[in-house]
Amino acid sequence: MLPVPMAAAAPSSPHSLATASGLLLGTMALAMAAGALLGWLAGSGGIGLLIGAIVGIPLSIAVVYTVYSRAGS
């Protein structure tokens, strides 16, 4: 019987799924809070919260993309 060769260890990444999730949630929460504050100042916190959530989705994706693209270079 031949011995089974050991697989090489995958290179470790400084970023994990938890890091990406934290960046997504943190950026989204920050955008929603800023939207709610601006909406409250303008007279409707609910509308500001909604606009903050809409703006926060692509913003949080851009933040994660930026962080992970810098890690690859």
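Helices are DSSP runs of H or I with at least four residues, numbered from the N terminus. The model is predicted: local features need pLDDT of at least 70, side-chain atom pairs count only at pLDDT 80 or more, and totals for chains, interfaces and linings use all residues. Residues are numbered from 1 along each chain as its sequence is written, and side-chain values use heavy atoms, with hydrogens and water left out.

**Exercise 1.** Determine which helix holds Met28 and whether Met28 is buried or exposed.

Solution. Met28 belongs to helix H1, residues 17-42. Buried means under 20% relative accessible area, exposed over 50%, and partly exposed in between (1.4 Å probe, protein chains only). Because its relative accessible area is 19%, Met28 is buried.

**Exercise 2.** Locate Ser60, classify its burial, and relate Ser60 to Met28 in sequence and space.

Solution. Ser60 is placed in helix H2, residues 45-72. Its relative accessibility is 4%, so Ser60 counts as buried. Met28 and Ser60 stand 32 residues apart in sequence, while their C-alpha atoms are 5.9 Å apart.

**Exercise 3.** List the contacts of Ser60 and of Met28, leaving aside neighbours within four places in sequence.

Solution. Contact means heavy atoms within 4.5 Å. Ser60 is in contact with Leu24, Thr27 and Met28. Met28, in turn, touches Ala53, Gly56, Ile57 and Ser60.

How values were computed:
Helices (H or I, at least four residues) and strands (E, at least two) are DSSP runs, numbered from the N terminus.
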